[in-house]
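Subject: A structure for you to explore

Hi there,

Here is the structure I promised to pass on to you. Please open it next to this email, and then read on for what turned up in it.

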Amino acid sequence: MIVTKLTERLGIRIPIVQGGMQWVGLPSLASAVSNAGGLGILTALSQPSPDALREAIRETQKLTDKPFGVNITLLPSINPPDYEGYARAAVEEGVRIFETAGNNPGPLIKFFKSQGCFVIHKCTTIRHAKSAQKMGVDFLSIDGFECAGHPGEEDIGGLVLLARAAQELEVPYIASGGFGDARGLVAALSLGAQGVNMGTRFMVTEEAPIHKDIKARMIASSETDTLHIFRTLRNTARVFKNAVSSEVVRLERRPGGAQFSELRDLVSGLRGKKVYETGDPDAGIWSAGIVVGLIKDCPSCAELLRRIEEEAESLIQGMTHLVVRGHAKL
């Protein structure tokens with residue numbers, strides 16, 4: 001058994017968090033991850049309203065008696081969602097673990113801490129991590145350039161970013177971006193992390209609410225099958241390489257670039273949702289990290305976490321022979 005500050009403070013068996021994912025972080029997946037020993041996460045904005053989130057929380061509570069959390073990601077928007085309403089609904093339904101991410105999280109973090117909640121905040125730079133640390137978060141999720149979704153604009157990979165976190169941060173942290181197996185977990189622990197956040201890997205599990213054809217497409221993919229969109233708009237997002245994302249990149253690279261208004265229909269969230277529902281990989285934009293290249297099967301969450309736990313323990317124990325007491329003979 002691997003014991004870290006994350007497992008001790010959250011009461012989970014395995015130091016693995018299922019990251020928030022739009023249209024994917026639903027009760028079926030969150031409860032399965034929690035039942036398997038990790039920390040399942042419901043994505044608040046996958047629900048159309050705070051009241052719908054209440055129902056999702058109640059459904060999850062029926063499916064597991066283990067700890068689970070709620071993700072609230074704050075993104076630029078002309079008509080922002082009712083973030084405060086989602087937060088209050090989750091707290092009133094008994095949720096005490098939250099993953100936050102995005103712009104200006106201060107008010108949400110302050111509210112959660114006033115309610116005695118445990119907050120994990122996701123950051124893509126040490127600068128932002130230090131700011132969140134001052135806000136009183138309990139844990140940080142340090143998100144490297146390898147991640148799906150928004151990696152920030154500084155393009156720092158996890159190997160250096162996590163080592164910098166060990167140098168600079170006082171609050172404990174987990175590693176995010178590029179993690180999907182036991183080797184990744186052990187590497188993260190060696191870099192000072194107290195566990196890992198996995199998103200893309202959980203998309204290809206039996207319980208993930210994603211069409212089987214999309215899961216098969218991901219299994220057949222490699223680490224080169226993602227693209228960055230919105231680079232020219234300085235709102236970079238890593239998504240799966242398909243006809244739609246390739247068209248977005250083409251428009252951005254043309255002379256004069258592209259305005260978001262020209263891309264809006266292509267990147268519509270509802271189009272992305274259809275990918276997961278219909279199995280058509282070109283129906284819209286959908287997120288995937290480069291860890292997709294490591295995914296070779298579609299196990300249950302229980303099997304996946306059991307495998308990672310056992311292999312990680314074996315890897316850690318197997319490295320003890322590398323330390324030789326006294327002078328090694330050359």
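Does Phe230 count as buried or exposed, and at what relative accessibility? Phe230 counts as buried because its relative accessibility is 9%. Buried means under 20% relative accessible area, exposed means over 50%, and partly exposed lies in between (1.4 Å probe, protein chains only).

Before we go further, a word on the ground rules. This is a predicted model, in which local features need pLDDT of at least 70 and side-chain atom pairs count only at pLDDT 80 or more, while totals for chains, interfaces and linings use all residues. Residues are numbered from 1 along each chain as its sequence is written, and side-chain values use heavy atoms, with hydrogens and water left out.

Eight strands make an open sheet in the order 1-8-7-6-5-4-3-2, with parallel pairing. At its edges are strand 1 (16-18) and strand 2 (40-43), each of which pairs on one side only. On average, neighbouring strands of this sheet are turned by 30° against each other, direction ignored. Strands and helices here are DSSP runs numbered from the N terminus (strands: E, at least two residues; helices: H or I, at least four), and two strands pair if DSSP finds at least two bridges between them.

Helix 6 (residues 126-135) lies across strand 5 and strand 6 (139-143), running at about 160° to strand 5. Helix 7 (residues 158-168) packs on the sheet, where it touches strand 6 and strand 7 (173-176), and its direction makes about 170° with that of strand 7. Contact means heavy atoms within 4.5 Å; axes are lines fitted to C-alpha atoms, for helices over the stretch in contact, and angles run from 0 to 180 degrees between N-to-C directions.

Helix 4 (residues 83-92) is largely enclosed by the rest of the structure, because seven of its ten residues are buried. Among them are Tyr83, Tyr86 and Val91. The buried residues of helix 4 pack against helix 3 (50-63), strand 3 (68-74), strand 4 and helix 5 (106-114).

Now for the aromatic rings. The structure holds five aromatic pairs. Phe118 and Phe139 form a tilted one, 5.8 Å centre to centre with 35° between the planes. This pair links distant parts of the chain, with Phe118 in strand 5 and Phe139 in strand 6, 21 residues apart. Both Phe118 and Phe139 are buried. Phe230 is back again here: Phe230 and Phe260 form an edge-to-face pair, 6.0 Å centre to centre with 65° between the planes. Phe260 is partly exposed, with a relative accessible area of 37%. Rings of Phe, Tyr and Trp (its six-membered ring) pair if their centres lie within 6.5 Å; planes under 30 degrees apart count as stacked, over 60 as edge-to-face and the rest as tilted.

Finally, find Gln194, in the loop between helix 8 (182-190) and strand 8 (196-198). At 17% relative accessibility, Gln194 counts as buried. Leaving aside neighbours within four places in sequence, its contacts include Thr4, Pro15, Phe139 and Tyr173.

Enjoy exploring!
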